[in-house]
Amino acid sequence: MAANQQSDWVARSLRSVWHPCTQMQHHETVPLIPVSHGRGAWLYDQDGKRYLDAISSWWVNLFGHANPRINAALKDQLDRLEHAMLAGFTHEPVIELSEQLAARTGHVLGHCFYASDGASAVEIALKMSFHAWRNAGHGDKQEFVCLKGGYHGETIGALAVTDVALFRDAYGPLLRQAHVVASPDARLAVDGESALDVARRAAADLESLLQQRAGNIAAVIVEPLVQCATGMAMHDPAYLAAVRALCDRYNVHLIFDEIAVGCGRTGTFFACEQAELDGQPVWPDFLCLSKGISGGYLPLSLVMTRDDIYQAFYSADVTRGFLHSHSYTGNPLACRAALATLAIFEEDDVLVRNRERAAKLSAALAPLATHDKVQHFRQRGMIWAFDAVPDDAAAAATFSRRFFSTALEHELLLRPIGRSVYLMPPYVLDDDEIDGLATRTQAVFEKVIAE
Ligand SMILES: Cc1ncc(COP(=O)(O)O)c(C=O)c1O
C-alpha cells in the first residue's frame, strides 16, 4: 500500500476518530499506527512494517491474530446465526459455552450472565450482589470494598471500585465512594517481609474494615494474583484464600475480576485456581471474565455465579429477577469464538506449553532481571513486569511514552504503565520470537534509560 495512503489514514483518523484512553494532543508527537492486517503474534502496518504484539492488543489476544481455527469457527457461525436476542431465546454457542465454563469450576459457579465489555461484567456483578442481598432481606448491604490500586473498568459503577487516580479523579464527584483497603502487592514488603507477610497484612486491613462495616457491605472485589492496570502488581495466592475466609466469616460476597488474569494468563485457566483454603480450591461468589475468553476477536464478557445467588433471584415476582440486559448479550459469534478458544486450550495442551514458553522467556530476560536500573522484576504465568529506575523525575515522567516510541522502532508493541514495563504476549510465540522479544526489550530499555 502506498506511503501516502498510510499517512492519509492517520490524518483521517485524527480528524474523525476519538481514540480511547488517549490525550489526543499527544498524537502531535506520538505516532498513530495504521494497522492493515495481523498474523500470529504480529501486526502489520500499511507499509508492511511489523510489530510484535507483546501486550496482546490490550491483553485480549491469546492465540495470535487471524488464527485459522477461530476464523473457521466464525465463518461457520456466520452462515448459521449472527445474532438473536437472548431474552426469551437461546442458542447452541451460548449453552455450550456456559456448560463448559461451569465445568471448569467443578460446577461451583453454575450460571453465566453475559455482556460485552469487561466493565459491563463488573457492573453486573456489583448490581447482582446488592440485589441478591436485598432479595434475601439485607437491603442495608449497599457498600463495596476494593483494593488500593485496583482497576475494574471505566463505566461509573466500575470506576467507583477502581483506585487508579489517573482514570478516576476527574469523575470523582459522580462516583459512589467505595472502601479502599490495602493492596497485597508484594513490592510493598518492608524489613525482610515476604510476599506472604504482605498478603497477611493486607488481609488484616480488610478484616478490620469488615469488623466495623460488614452489615453494610455487599461485596469485596479483587483482581486475583495480578493487579494489572496499576502496573502488574503481583501478590501471593494466600491473599485470595484469606479474603475468601473473611468474606465467609463476615457474610460478604466475594467478586473475582478475572477479566485480565483469566483464560490461562497467570498459568492456570482461572487465576483463583492457584489459591487453596482448607485443601479446597478458592472460588468467589461472582467471577467476571472477558478479554481473552473470545480469543481477542469479539467483545464478550460474562459473570459466573454460584447457585445460591441464582436462587436468590428465582421467584414468581418479576421484580426479584435480575432485569439487566445489553442488546448483544450472549452474541452467538462471540460465543462461538470463545468455544473455538476453549477448544485450542484442550487440543494444544496450552497451559503445559505455556509453562515451557514462560521458562524460556524468563531465561532470555535474565539480563534485565539483574540490571542495575531495574527494580522488582516479576513474573506470573504469561505476564512479566519490572520497574525502571530513571535518573530523575523528569525522565520518569516521560519514560512510558519514550519507551513506547522506541519499542516501535524495534518492531515491538509495548506500552509501559508509568515506569512499569510489562510483557503480556499471545500464547503462540516460537523460540525465535521469544529470543527476539527479550533481546529487543533489553535494547529498547538500554536506549531509553540512558537518554
Ligand atoms: C481487571 C480488569 N477489569 C475490568 C476491565 C475493563 O474491561 P473493558 O476494558 O473490556 O471494559 C479491565 C480492562 O483492562 C481489567 O483489566
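Axes here are lines fitted to C-alpha atoms, for helices over the stretch in contact, and angles run from 0 to 180 degrees between N-to-C directions. I am working from a predicted model.

**Helix pair**

I looked up how α3 and α11 pack. Two packed helices are described by the angle between their axes and the distance between the axes. For α3 (residues 68-78) and α11 (residues 332-347), I read an angle of about 145° and axes 9 Å apart. The crossing of α3 past α11 is right-handed. On the α3 side, I listed Arg69, Ile70, Ala73, Leu74, Asp76, Gln77 and Leu78 as making the contact. On the α11 side, I listed Pro332, Leu333, Arg336, Ala337, Ala340, Thr341, Ile344 and Glu347.

**Positive phi**

Most residues other than glycine have a negative phi. I checked two exceptions. Ser56 is not a glycine, yet its phi is positive, at about 50°. I found Ser56 in helix α2 (residues 56-59). Met232 also has a positive phi, near 55°. I placed Met232 in the loop between β8 (226-227) and β9 (233-234).

Are these two residues buried or exposed? Ser56 has a relative accessible area of 0%, so I noted Ser56 as buried. Met232 is likewise buried, because its relative accessible area is 0%. The cut-off for buried is under 20%.

**Surface patch**

Ile156, Tyr171 and Leu174 make a nonpolar patch of about 310 Å². I traced Tyr171 to the loop between α7 (165-168) and β6 (179-181).

Methods
Residues are numbered from 1 along each chain as its sequence is written. This is a predicted model: local features need pLDDT of at least 70, side-chain atom pairs count only at pLDDT 80 or more; totals for chains, interfaces and linings use all residues. Side-chain values use heavy atoms; hydrogens and water are left out. Patches are made of residues with over 30% relative accessible area and no salt bridge: like charges are joined within 9 Å, nonpolar side chains (Val, Leu, Ile, Met, Phe, Trp, Tyr) within 5 Å. Accessible areas come from the Shrake-Rupley method with a 1.4 Å probe; for residues, only the protein chains shown count as cover. A salt bridge is a side-chain nitrogen of Lys or Arg within 4 Å of a carboxyl oxygen of Asp or Glu. Helices (H or I, at least four residues) and strands (E, at least two) are DSSP runs, numbered from the N terminus. A crossing is left-handed if the near helix is turned anticlockwise from the far one by less than a right angle, and right-handed if clockwise. Contact means heavy atoms within 4.5 Å. Buried means under 20% relative accessible area, exposed over 50%, partly exposed in between (1.4 Å probe, protein chains only).
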